[in-house]
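Subject: Structure for your review

Dear colleague,

Please find below the structure that I am handing over to you. My findings follow directly after it.

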Amino acid sequence: MWKLFKMDFNYSEEQLLVQKTAMDFARDQLLPGAAERDEKMEFPADQIKMLGEMGFMGMMVPEAWGGSGFDTISYCLALEEISKADASTAVPVSVNNSLVCALLLKYGAKEQKEKYLKKLSSGKLLGAFSLSEPQAGSDASNLLTSAVRDEDHYIISGTKNWVSSGINSDVVMVFAVTEKEVGYKGISVFAVEKGSDGFSTGKKENKLGIRGSDTCELYFDDCRVSVDNRIGEEGDGFSIAMTVLDGGRIGIAAQAIGIAQAAMEKAIAYAKERKQFGKAIASFGSVREKIAEMATGIASARLLTHRAAVLKDQGKPFSKEAAMAKYSASETAMSVSTECLQIFGGYGYIKEYGVERLMRDAKITQIYEGTTEVQKLVIARSMLEEV
Ligand code: CAA
């Protein structure tokens, strides 16, 4: 069976404007404090507020629901620029956009959109997405947190972990088991507000990278949530999580490309300037080889990511393509940032040059929103069905 694949490589005026706006903001507002926030594990609260005012917290949400109505390519271009300056800030941006707002936009009832989506997409509230539990990482349907119906409420009990923006968010999309006997078909999702009785957050995790973004456990101790806060039907939760994560993976790919691009640009500038054996190290074959591999890896990952974005906007299946994009981009971010540090040598190993931060930030892109191994599983399953 022969299939034609078409792709338009020209970005529209609107996409380029979004990219330029994000680049200016990232250079002027994110880069200057990024190293300090990383060191102090300080959440970029002011920067997130500004991004909300600029329409960057609900990029793919229609204006009627408080968003900017951008397409997914614009979203990728913006996230790449933000991540180039500060991958930590990209975390709350991507979670709020592609996990929280996307979930409410696709599955939320009108009242839920009025109550939460408008404020989340305009940056007045910040959202988090809570699927993982201590025993349920890659095996995401193996949840123990329960939501037991009690007339017009559910009582949620259990522990969630690895929740990005868990501390700084106002409302969390919480996945819990409403019917134990039916496996993943018994999972439902709820919008749970901070301050709800029985809902508390754990300590901020002390992480290797993306240290400006907060990650924590969430505890639910008989937390009563109105039935009006259940999103979708009972039992729809797992499928909702998987669908939303497909979009999320495009965002993480864009984040990884931003980190890789920053590392490559630093490596090239340094290689031209640094002299050894009487000449710039950029003249050595071993350094040129690294630069060629960096540039090719980044271009490939970007093409895969924008292909997934185009398919998503066309309303076509893009699960496999999103997995390929995330797999490729996160591996590229790790290898490019590691080779960048190698080119810098000892200077890359100290904090002053901002190179080691890129390598530390790159690592998480191979882990969250589905590990590299999970992406390969999704790709292989799809190929085995297709061919
Ligand atoms: N879209 C829609 N539905 C999907 C789907 C998708 N992409 N993938 C699977 N499903 C559906 C299946 O169709 C199936 O439903 P039906 O029986 O009705 O058809 C159901 O879900 C179960 O599917 P599987 O049998 O494939 O499920 P599985 O248990 O084998 O798991 C998996 C598959 C790919 C490994 C999945 O568990 C997975 O993606 N794991 C990784 C989880 C993950 O990404 N976690 C990140 C959490 S968020 C985070 O990182 C923190 C943060 O704050 C950023």
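I begin with a serine: the side chain of Ser 121 reaches the backbone oxygen of Gly 66 at 3.5 Å. Please bear in mind throughout that this is a predicted model. A polar atom of the Ser 121 side chain also lies 2.7 Å from the backbone oxygen of Trp 65. Ser 121 is located in helix α5, which spans residues 110-121. With a relative accessibility of 0%, Ser 121 counts as buried, because the limit for that class is under 20%. Setting aside neighbours within four places in sequence, the contacts of Ser 121 are Met 57, Gly 58, Val 61, Trp 65, Gly 66, Gly 67 and Cys 101.

Ligand site

The ligand is surrounded by 22 residues, of which Tyr 184, Asp 246, Arg 249, Glu 369 and Arg 381 are the closest.

- Tyr 184 places a polar side-chain atom 2.2 Å from an oxygen atom of the ligand.
- Asp 246 has a side-chain N or O atom 2.8 Å from a nitrogen atom of the ligand.
- Arg 249 has a side-chain N or O atom 2.8 Å from an oxygen atom of the ligand.

On its own the ligand has 1,100 Å² of accessible area, and the protein covers 72% of it.

Aromatic pairs

Across the whole structure, the search returned 9 aromatic pairs. One of these is formed by Tyr 184 and Phe 238, with 5.7 Å between the ring centres and 45 degrees between the planes, a tilted arrangement. The two residues are 54 residues apart, so that the pair links distant parts of the chain: Tyr 184 sits in the loop between β4 (171-177) and β5 (187-193), while Phe 238 belongs to helix α6 (residues 237-273).

Are the two partners buried or exposed? Tyr 184 is partly exposed, at a relative accessible area of 44%. Phe 238, by contrast, counts as buried at 16% relative accessibility. Tyr 184 therefore falls in the class between the limits of 20% and 50%, whereas Phe 238 is under 20%.

Elsewhere, Tyr 270, Phe 344, Tyr 347 and Tyr 353 make up one aromatic cluster.

Strand pairing

Strand β3 (residues 153-164) pairs with strand β2 (residues 146-150) in the antiparallel sense, over 5 bridges. Within this pairing, Val 148 is found opposite Ile 155 of β3. The hairpin of β2 and β3 has 2 residues between the strands, and Glu 151 there adopts a positive phi near 55 degrees. Strand β3 is also joined to strand β7 (residues 215-226) by 9 bridges, again running antiparallel. Ser 164 has Thr 215 in β7 as its bridge partner.

A buried arginine

Arg 230 lies in strand β8 (residues 230-231). Its relative accessibility is 16%, and Arg 230 therefore counts as buried, the limit being under 20%. Leaving out neighbours within four places in sequence, Arg 230 is in contact with Gln 112, Arg 149, Tyr 154, Ser 188, Val 189 and Phe 190.

Yours sincerely

Definitions and conventions: Residues numbered from 1 in each chain as written. Predicted model: local features only at pLDDT ≥ 70, side-chain atom pairs only at ≥ 80, totals over all residues. Heavy atoms only, no water. Phe/Tyr/Trp six-rings, centres within 6.5 Å; stacked < 30°, edge-to-face > 60°. Helix = DSSP H or I, 4+ residues; strand = E, 2+ residues; numbered from the N terminus. Buried < 20%, exposed > 50% of the residue type's maximum accessible area, 1.4 Å probe, protein only. Pairing = 2+ DSSP bridges. Near = heavy atom within 4 Å. Polar contact = N/O pair within 3.5 Å; in protein donor to acceptor, adjacent residues only side chain to side chain. Areas by Shrake-Rupley, 256 points an atom, 1.4 Å probe, with all protein chains shown as cover. Contact = heavy atoms within 4.5 Å.
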